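The sequence and the coordinates follow.

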Amino acid sequence: MRALAAAAATAVVAAPTPARLLLVSARRAAPRLGHCRASPFARLPRSACYASTTMGDETSTSASGSAQEPAAPAVQGAGSVKQQISNLVALSLRATVPEVDVEPIVEVCTGKFGDYQCNNAMGLWSKGKGSGTSFKNPNAIGQAIAKNLPACDVIESASVAGPGFVNIVLSKSWVAKRIQDMLVNGIKTWAPILPVKRVVLDFSSPNIAKEMHVGHLRSTIIGDTLARMFEFSNVEVLRRNHVGDWGTQFGMLIEFLFEKFPNWEELGSQAIGDLQVFYKASKQRFDEDAEFKDRAQQAVVRLQGGEEKYRAAWKKICEISRNEFDQVYKLLDVQLEEKGESFYNPYIPQVLEKLSSQGLIEESEGARVIFIQGHQIPLIVVKRDGGFNYASTDLAALWYRLNVEKAEWIIYVTDVGQQQHFDMFFKAARMAGWLPDPKEKKFPKTSHVGFGLVLGADGKRFRTRSTEVVRLGDLLDEAKSRSKSELLQRLTENGKIVDWTDEELEQTSKAVGYGAVKYADLKNNRLTNYTFSFDQMLSDKGNTAVYLQYAHARICSIIRKSNMDVEELKVSGNISLAHPDERVLGLYLIRYAEIVEEACTNLLPSVLCEYLYNLSEMFTRFYTNCQVVGSPEEPSRLLLCEATAVVMRQCFQLLGITPVYKL
């Protein structure tokens, strides 16, 4: 929630300088899964690196004064399948139209004529028409592109449809080999290649002295999933918890503590007790007693002035609050490094001085502001009373992230209600020369990942019956309790309860309950509101985590019942995709890398959820039409089962969900 920042400390920092762009190499270690007779190194097409990151009215800007340098050549076999096809198309385009600098346009083909489609012909025809081109029409260009595709074991055939659409069919043997290589070498060999090496993810960010509630759920799990996806893609992620630990509320809390417990240092945490009760009591006193309010305001000044007594009380309150946050983060399995408002406070004076020297900060009605083009109100960076605020803290934090942490992409995960603030804040940074025009393809860049509200059944903000905001810890406990109750009922009815230990019941209930809460949020487009319903999210039918957990557990059961050593099969067996449903499943499995790439590029966890659900549906169709256990094709089909389970587990891992192996 990132509360207001207060007055500054006096630390001296170096004047801001443009962040140096870190070069990105596409040459990352990966097995060569496909060999081309053309040059083994193909230049990574810019379209694969610079997909748009603007969603709806989201703000996304690039940064650094230097132009983005081309990525290094991509190793054949590295990256997603779509990237590899783009590399091959790039070579064909150079042979087809050597005089034209053109980027490959490659999309997944949804028709029955191909697996991927190159859509460059129409654009090339429009550019070359009337310039003496030897091509008679777009179809002729498409035919030339298809003909010039390098001969390799990736592509089985290419055909041209309509006005030059080149439909590319992948080799079944290559698809099978790619899956088998993944099973031998691990799912990390399917990590996509992204054009960044270091990302800062600013998420969760509750206020110290206030309890985490359902409103913090979305930022925490969306941010965690984005972090996991980038980390899987070999990007260094700095997970930042920008907690509100330096606001005016601390004067109120400290003064109330001193008044109620003069010997608070001897009592320690016992003096405060329940921090939420303590906060409400101090807030009531603050609102009703003018003399107490004056003392509280003076306490803020003394805290910010560094008086030891006030600093010690502030540290104790922060410690109690952090312990409560950590309990929730442990339940959610979320890792964060706290760098709150107080951390950036010493940097504010020098950052604002630099902006003032550039003529960006002006006086307006007693405050110091930056006027932003396109906005009727200015961005206030120093309040009338001389105190700093949200904007001044964010500017100092951005400076630090660019110049000290050397981040290439800084991502902020907050509700959509803060969109205007981030739009103004990013524009101010561009005015200062920290970030270039968002239309330029340069790094670093900044993005605001907005999300909608969590609603109750009445269509209003999700609250308890007493209109209190729902505590996040209570919500998770309820999810686990309901999950355990339903699991016990199911196991009792089918007579399998005797096969389960108490520990298995407890751990499975946690995995299913917490996973259901996460997935119900993540499967939605984050920009929309969603209605919180335990009944829906814990259902074992439809697109729910429970349904997916059952699907995964069923695959594990199939493998167990075969009595075959799958680990041995990975080395000695071979995958065959002779049946149409085997090929469909195999093709969808190898798309995993490009799905993660798309989810990262557009900052949309829902893309991964959609893939996971579709994968489970495709597996069901495969299993229905292709007998596994006891069939002549059992070894091959067991490997497909294992590959599906591996990919599903990796999807669960990226979504922060613990997979279960029996249900």
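Strands β12 and β13 pair in the antiparallel sense over three bridges. Here two strands pair if DSSP finds at least two bridges between them, and helices (H or I, at least four residues) and strands (E, at least two) are DSSP runs numbered from the N terminus. The model is predicted: local features need pLDDT of at least 70, side-chain atom pairs count only at pLDDT 80 or more, and totals for chains, interfaces and linings use all residues. Residues are numbered from 1 along each chain as its sequence is written, and side-chain values use heavy atoms, with hydrogens and water left out.

The open sheet to which they belong has three strands in the order β11-β12-β13, with antiparallel pairing. Strands β11 and β13 (379-382) are at the edges with a single partner strand each, so one side of each has no neighbour in the sheet. From one strand to the next, the twist averages 50 degrees. Helix α16 packs on this sheet and touches β12 and β13, and its direction makes about 70 degrees with that of β13. Contact means heavy atoms within 4.5 Å; axes are lines fitted to C-alpha atoms, for helices over the stretch in contact, and angles run from 0 to 180 degrees between N-to-C directions.

## The four-stranded sheet

A second open sheet is formed by four strands in the order β4-β5-β7-β6, and its pairing is antiparallel. Its edge strands, β4 (106-108) and β6 (155-161), each pair on one side only. Neighbouring strands of this sheet are turned against each other by 25 degrees on average, direction ignored.

Strand β4 pairs with β5 (residues 116-118) in the antiparallel sense over three bridges, and E107 stands opposite Q117 in β5. Helix α2 (residues 81-96) lies across β4, β5, β6 and β7 (165-170), and runs at about 145 degrees to β4.

## The α10-α11 contact

Two packed helices are described by the angle between their axes and the distance between the axes. For helix α10 (residues 275-288) and helix α11 (residues 290-304), the axes come within 6 Å and cross at roughly 110 degrees. That makes α10 roughly perpendicular to α11; the classes are roughly parallel under 35 degrees, roughly antiparallel over 145, roughly perpendicular from 65 to 115, and oblique for the rest.

On the α10 side, S282, R285, F286 and E288 meet A290, F292, K293, R295 and A296 in α11. The residues of this contact divide into four nonpolar, one polar and four charged. In this scheme Ala, Val, Leu, Ile, Met, Phe, Trp, Tyr, Cys and Pro count as nonpolar, Asp, Glu, Lys and Arg as charged, and the others, Gly among them, as polar.

## Backbone features in loops

S204 has a positive phi of about 75 degrees although it is not a glycine. It is placed in the loop between β8 (198-202) and α6 (217-232), and S204 is buried, with a relative accessible area of 4%. E365 also is not a glycine and has a positive phi, of about 55 degrees. E365 lies in the loop between β11 (362-364) and β12 (367-370) and counts as exposed at 65% relative accessibility. Buried means under 20% relative accessible area and exposed over 50%, with partly exposed in between (1.4 Å probe, protein chains only).

A cis peptide bond joins F443 and P444, with omega about 0 degrees. P444 lies in the loop between α16 (419-431) and β15 (445-451).
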